[in-house]
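Welcome! Please take a moment with the structure below, and then let us walk through it together.

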Amino acid sequence: MVRYDYLVWRGYFDDLIAVTTTACAIAHQAGAIAAEAGAWNNLGIALNGASRYAEALAAYERALALFASLDDHNERGKALNGKGSALHDSGKPAEALLIHQEALAIQRAVGDLCEQAAVLNNLSLDHQELENYAEACATAEEAASLFQRLGDPTNEANALCAAAFALQASGRPEAAQAACQRAVEASRAVGSPLVEAAILLTCTQLDDLSPQQQIAYCLQAEAACKQANARDLHAHALCGIGMALTTSGDRDQAVTYFVRAERMFEDLGLMEEAGQIGDLLAALQT
């Protein structure tokens, strides 16, 4: 499990697929139905992370059938949540909504608050995609409240970000900014500068922020990235500062930050990102 969690965290989905495919085969040969069901569910997560949606859905269906044969409603609900996410990510939010609603009903029946919160957060994303903004706000806020009760500030912060973007889409920019600030505060309770930096950079994507607000978030993210030694996120923070400075008309300062971002992306071997920054620099310097 430790290795699996590490691979998920690092986004090594090809390795995840190899590991979980092997686990499925071994569990099947051993007749370990519960282990096989869990392995198929994990394979679904891995395939979805690799954007192999049709295969992910097939893996989830196999997991669902096995969990049903075991009469394991909680794990079946988890697999339904994963299936819903695969449908959402593949551009089918209406189908995802129905699956996530089924998953939520199961988790409410078994009383698993952690899984309820996870499903509610995914339901918020479905509703937002379908422009059901009131429902998107309500489900995200409910998810955030549950995560807070459970002492999970990382996921609380993520749910609050989902609420912020739903509030923005519904034409409530001040409420959206307030939700983002709550997300930042929750992220700081985690005690991880990496989590804090990720949430801060997410908050910079709100449409109605002033350049000064964007710069403030990015500067805080830059400081957190230095603490976490997260150089890829650091480069994105520098780029965000450059973009905000460009918007505010300070082209010379923007160039300084873009140059730093470009060099950092190059050092990391992220040449596509470096090329995009190079194009921005060329436009600014003509």
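Which helices do the buried residues of α11 pack against? They pack against α9 (153–169), α10 (173–190), α12 (211–228) and α13 (231–247). Before going further, note that this is a predicted model, in which local features need pLDDT of at least 70 and side-chain atom pairs count only at pLDDT 80 or more, while totals for chains, interfaces and linings use all residues. Residues are numbered from 1 along each chain as its sequence is written, and side-chain values use heavy atoms, with hydrogens and water left out.

**Helix α11 and the cores**

Helices here are DSSP runs of H or I with at least four residues, numbered from the N terminus. Helix α11 covers residues 193–203, and its buried residues are Val-195, Glu-196, Ala-197, Ile-199, Leu-200, Leu-201 and Cys-203. Buried means under 20% relative accessible area, exposed means over 50%, and partly exposed is in between, using a 1.4 Å probe and protein chains only.

Two of those names, Ile-199 and Cys-203, return in the largest nonpolar core, where they are listed with Trp-40, Leu-43, Leu-206 and Tyr-217 as the residues with the most contacts inside it. This core has 61 residues. A nonpolar core is a set of buried Ala, Val, Leu, Ile, Met, Phe, Trp, Tyr and Cys residues joined through side-chain atoms within 4.5 Å. As general background, nonpolar side chains tend to be buried together in soluble globular proteins.

Leaving aside neighbours within four places in sequence, Leu-206 is in contact (heavy atoms within 4.5 Å) with Ala-164, Phe-165, Gln-168, Ala-176, Gln-177, Cys-180 and Gln-214.

**Where α10 meets α12**

How are α10 and α12 placed relative to each other? Their axes are 13 Å apart and they pack at an angle of about 10°. That makes α10 roughly parallel to α12, a label for angles under 35 degrees. The axes are lines fitted to C-alpha atoms, for helices over the stretch in contact, and angles run from 0 to 180 degrees between N-to-C directions.

From α10, the contact uses Gln-177, Cys-180, Gln-181, Val-184 and Arg-188, and from α12 it uses Gln-213, Tyr-217 and Gln-220. Sorted by type, the residues of this contact are three nonpolar, four polar and one charged.

Leu-160 lies in helix α9 and is buried, with a relative accessible area of 0%. Not counting residues up to four places away in sequence, Leu-160 touches Glu-141, Ala-144, Ala-179, Arg-182 and Ala-183. The C-alpha atoms of Leu-160 and Ala-186 are 8.9 Å apart, although the two are separated by 26 residues along the chain.

Asn-121 is found in helix α7 (residues 113–129), and at 15% relative accessibility Asn-121 also counts as buried. Its contacts, leaving aside neighbours within four places in sequence, are Ala-143, Asn-158, Ala-159 and Ala-162.

**Salt bridges**

A search of the whole structure finds eleven salt bridges. A salt bridge is a side-chain nitrogen of Lys or Arg within 4 Å of a carboxyl oxygen of Asp or Glu. Here are some of them.

| Pair | Closest N to O distance |
|---|---|
| Arg-52 and Glu-55 | 2.8 Å |
| Asp-267 and Arg-231 | 3.8 Å |

Glu-222 lies in helix α12 and Arg-260 in helix α14 (residues 251–267), so the pair ties together parts that are 38 residues apart in sequence. Glu-222 is buried, at 6% relative accessibility, whereas Arg-260 is partly exposed, at 34%. Together with Lys-226, these two form a network of salt bridges.

Asp-267 is in helix α14 and Arg-231 in helix α13, so this pair links parts that are 36 residues apart in sequence. Asp-267 is exposed, at 59% relative accessibility, and Arg-231 is partly exposed, at 33%.

**Two loop residues**

Ser-51 sits in the loop between α3 (33–49) and α4 (53–69). Its phi is near 65°, a positive value in a residue other than glycine. Asn-229, in the loop between α12 and α13, has a positive phi of about 55° although it is not a glycine. Asn-229 is exposed, with a relative accessible area of 60%, while Ser-51 counts as partly exposed at 44%.

Notes: Parallel < 35°, antiparallel > 145°, perpendicular 65-115°, else oblique. Nonpolar A, V, L, I, M, F, W, Y, C, P; charged D, E, K, R; others polar.
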